[in-house]
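Me: I would like to work through this structure with a few questions, taking each answer step by step.

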Amino acid sequence: MSEGQPPRPEPPWPAGEPPYGPPAASPPPPASPAAPGYPPRPGYPPYPGYPPYPGPWPPPAPRPATPYDQAQPYPRLLRTRSYRPWRPALALLVFVPTFLLLTVIALVPWLISVLPDIVAAPTVDEATRLTERVTPLFLLSTNLGLAAAIPSAMLAVLAASRLRPGWLGSVAGRLRWRIIGRSTLLALAVVVAFYAISLLLPAGEGSTTTQSVTWGGFAGYAVVVLLSTPLQAAGEEYAFRGVGLTVLGAWFRPPLVGAVVTSVLFAFAHGGQNPALFLDRFSFGLVACWLVVRTGGLEASIAMHAVNNVVVFLIAAAFGQVGDSLTVDAAPWSYVVLDIAQLVAYAWLVERLIVRRRRPQLLTSTS
């Protein structure tokens, strides 16, 4: 202290302490949020400053079990959660060219077999008659060509609505083989019974009851009919009741619209016919659509179609009339009335013994 300056007063606080109390502790670093990512693997320390993730990551959201938010009947099968009005039209655009291409491919073996005879034919009329000749190979190619509608229909709904092929079989997402088995037995009983009744009707011109049985070549036709005709019948059902009914059902809620339109197309697809035969085929289409709606799938209509065609072609093969059966364009009213009664009887049996007793699934599942 220099001279002339007053002495410095003593501090009022103890020596060694700051004037405002003890030094404040430094604040802790802010807590870091949990680092995104998977928990550290065992044996690896966590990243500095990031605590390990507390527990396993939650499992991913489960994928929907079915493509439907609302339960739908079979005619509305294309109304999935991803439905757009243009998707049914896309199904038609995929189905038609695919079916035509596969049909031509199926006919190639028969065309190869008759091509040398056609080329060597002396006249155009003779060559034309050769193309109209019906053989077991021709019947096989024709049946496989119509059966090509099955993969074509499956590809169409897969491309348009992202539906697995099984959904086209029924609302259960698959063909229900128990229903097919029971329906086949019912159809066989009804067809055989009504064919026996038809023998009591007056025989018309060209009727099988006026012909004698010719067993020559029957074995070849029988093998082709038993192996390929059920596929041919199923192909027509997949085309008209599978694609046609569901496409129209996606646009029009009442199933009657699709039933009438597809039944008219089904009748015209069989070529020229008199009014009685047209009514018979139109009625067949209506009953098939009714069976699809009442059972929730194609099984009962496939069984009816397959049994009817197998019996008809086996009888025609026995009488040597397979070609006439393929090109028939007229039918008497008496047989048409009997055939419609046969269809109604089969539908009634399916309603009583399958729909009411077995309670098949009629709507799609949503979970």
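Me: In which segment is Y74 found?
Reply: This is a predicted model, and in it the helix to look for is α1, which covers 87-120. Y74 is found in the segment before α1.

Me: Is Y74 buried or exposed?
Reply: The relative accessible area of Y74 is 1%, and a residue counts as buried when that value is under 20%. Y74 is therefore buried.

Me: How many Å apart in space are Y74 and G296, C-alpha to C-alpha?
Reply: Along the sequence, Y74 and G296 are 222 residues apart. In space, however, the distance from C-alpha to C-alpha is 5.4 Å.

Me: What span should helix α3 have, and how far apart are its end C-alpha atoms?
Reply: Helix α3 runs over residues 136-147 and has 12 residues, which at 1.5 Å a residue should span 16 Å.

Me: Which residues of α3 are buried?
Reply: Buried means a relative accessible area under 20%. In α3, the residues that are buried are F138, L139, S141, N143, G145 and A147.

Me: Are α5 and α11 roughly parallel or roughly antiparallel to each other?
Reply: Helix α5 (residues 177-198) and helix α11 (residues 333-358) pack with their axes 10 Å apart, at an angle of about 150°. Angles over 145 degrees count as roughly antiparallel. The two helices, α5 and α11, are therefore roughly antiparallel.

Me: What is the handedness of the crossing of α5 and α11?
Reply: Among the residues that meet here are L186 and V190 in α5, and L349 in α11. The contact of α5 with α11 has 16 nonpolar, 3 polar and 2 charged residues, and the crossing of these helices is right-handed.

Notes
Residues numbered from 1 in each chain as written. Predicted model: local features only at pLDDT ≥ 70, side-chain atom pairs only at ≥ 80, totals over all residues. Heavy atoms only, no water. Axes fitted to C-alpha atoms, helices over the stretch in contact; angles between N-to-C directions. Helix = DSSP H or I, 4+ residues; strand = E, 2+ residues; numbered from the N terminus. Parallel < 35°, antiparallel > 145°, perpendicular 65-115°, else oblique. Left-handed = near helix turned anticlockwise from the far one by under 90°. Contact = heavy atoms within 4.5 Å. Nonpolar A, V, L, I, M, F, W, Y, C, P; charged D, E, K, R; others polar. Expected span 1.5 Å × (residues − 1). Buried < 20%, exposed > 50% of the residue type's maximum accessible area, 1.4 Å probe, protein only.
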